[in-house]
Amino acid sequence: MPTYPTPFMLSQSLMPNRYPTLSIAMLLVGLSGQSLADTVLLRNGDRITGEIKNFDEEHLIIKPNYSPKITIERSAIKSFETTQNHYWSINRTLHDVSIQYSDLDGFVLVNNRQTPISDLVFSDRKSDSEWRYSGSVEAAIDVTSNTKKTQKLHAKGDITAETLQWRHNLKTEVRYETEEKTTKRNTLEAHYSLDYLISEHWLLRQEDYFQEDRLDFPVRNYYAALGPGYRFWGIGRDKLDFVVTYNHFWLDSQIFTYQLNAWATTINYKQYWFDGVLETYADLQIAFPDTPTIDYISDSTIGLKYLLAQEIYLSFKYDINETQTPWHTTRDIKYNLGLGINF
């Protein structure tokens, strides 16, 4: 008598065929979940998989599934890969791209092109015109216990607003000195610069400077400048810029008013060390006026900042201002130790 398959028997016979399909589907889902993760290859051979949260001028931050966020120094990264498109700043231009590994140490593949990791910054911006702000405020007080009872106050502020193409910077300083209850110095300075970033290296700078000595006979010094610049190296905070400008100077007091033109060269240097704990910087400018009575005017600033805790830092700054004429040289040297806050 023939035996016909029952529904239960049919279900049993079908089950072996369904499980491999289900297992393969589950495996593909798991693999796809892993393939969507970002992966960072380190120079020591380690591999970290997770989601890249940030990649600035100093560090890469990645969030693995199995641990809190991990911070990695740029110098430790051999290559990395992302499978989903994100906004990356590449040579100051936003690109919505995914990134693949490169066999070259310190490189990645962007649209199948070898690209140095040093050119990349992970950007949460959605537009080239989106603004970012940063700055600092610091103050220094020097009270000398001597027969003249000298007191010195120095305060300064520095704020920067920038997009990928434009950078505004405003610096202000106040210096106040007394000696035997007599005001020896009361100076206000303001320096504004606007950079248009033409390409990875080239820029166009316009700047204005104002200084006023508020004593018995106030003296005002002002200049406006315009010219091209070149960035030798640096990304974001680290930089070495060389700028050539044509300047117009005004010198105004109650006694006289004087104007002159000059060509000037400027070097701006800034670099961070030890994961941003120490900052060194220098701003050097020398101007050559078109007058036989002055050979050159130089203004140099060299300094460093040491991060004490969070955003609080200790600073040291050394200023040298010099004017050379055919007959003599005048030099003004200032230095100060201050305490400041970054924001």
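**Entry 1, Ile-77.** I started with Ile-77 and listed its contacts, leaving out residues up to four places away in sequence: Ile-77 touches Val-40, Leu-41, Leu-42, Arg-43, Phe-55, Leu-60, Ile-72, Asp-105, Gly-106 and Ile-117. Contact here means heavy atoms within 4.5 Å.

Residues are numbered from 1 along each chain as its sequence is written, and side-chain values use heavy atoms, with hydrogens and water left out.

I counted secondary structure and found 1 helix and 21 strands. Helices (H or I, at least four residues) and strands (E, at least two) are DSSP runs, numbered from the N terminus. The protein has 343 residues, and 34% of them are buried. Buried means under 20% relative accessible area, exposed over 50%, and partly exposed in between, with a 1.4 Å probe and protein chains only. The accessible surface is about 20,600 Å², and carbon and sulfur atoms hold 60% of that. The areas come from the Shrake-Rupley method with a 1.4 Å probe; for residues, only the protein chains shown count as cover. Of the contacts between residues at least 6 apart in sequence, 45% join residues at least 24 apart.

I checked pLDDT, the predictor's confidence in each residue, from 0 to 100. The mean for the protein is 81, and 83% of its residues reach 70 or more. Confidence is lowest in helix H1 (residues 7-35), at a mean of 45, and highest in S18, at 94. Residues 1-19 stay under 50, and the model gives them 1 contact beyond four places in sequence. Residues 21-35 are also below 50, with 1 contact beyond near neighbours in sequence. Where pLDDT is low, the predicted coordinates should not be read in detail.

I went back to Ile-77 to see which core holds it. The largest nonpolar core has 19 residues, and Ile-77 is among those with the most contacts inside it, together with Val-40, Phe-55, Phe-80 and Trp-88. A nonpolar core is a set of buried Ala, Val, Leu, Ile, Met, Phe, Trp, Tyr and Cys residues joined through side-chain atoms within 4.5 Å. Elements giving two or more residues to this core include strand S1 (38-42), strand S2 (47-55), strand S5 (77-90) and strand S9 (120-122). S5 gives the largest share, 4 residues. Apart from this core lies another, of 9 residues, among them Tyr-209, Phe-249, Ala-287 and Ile-294.

Strand S13 (residues 182-197) and strand S14 (residues 202-213) run antiparallel and are joined by 11 bridges. Their hairpin has 4 residues between the strands, and Glu-189 has Gln-211 in S14 as its bridge partner. S14 is also joined to strand S15 (residues 219-233), antiparallel, by 12 bridges. That hairpin has 5 residues between the strands. Tyr-209, listed above in the 9-residue core, has Tyr-223 in S15 as its bridge partner.

Which residue of S19 stands opposite Leu-278? I found Tyr-306 there. Strand S18 (residues 278-289) and strand S19 (residues 296-309) pair in the antiparallel sense over 10 bridges, and a hairpin of 6 residues joins them. S19 pairs with strand S20 (residues 312-324), also antiparallel, over 13 bridges. Tyr-306 has Leu-314 as its bridge partner in S20. In the hairpin of S19 and S20, with 2 residues between the strands, Gln-310 takes a positive phi near 50°.

Asn-111 has a phi near 55° and Asn-112 one of about 65°. Most residues other than glycine have a negative phi. Asn-111 lies in the loop between strand S7 (107-110) and strand S8 (113-116), and Asn-112 is in the loop between S7 and S8. Asn-111 is exposed, at 57% relative accessible area; Asn-112 is exposed at 69%.

Is Asn-336 buried or exposed? Asn-336, in strand S21 (residues 329-342), is buried, at 9% relative accessibility. Its side chain makes a polar contact of 3.1 Å with that of His-154. A polar contact is a pair of N or O atoms within 3.5 Å; within protein, one must be able to donate a hydrogen and the other to accept it, and residues adjacent in sequence count only if both atoms are side-chain atoms.

Conventions:
This is a predicted model: local features need pLDDT of at least 70, side-chain atom pairs count only at pLDDT 80 or more; totals for chains, interfaces and linings use all residues. Two strands pair if DSSP finds at least two bridges between them.
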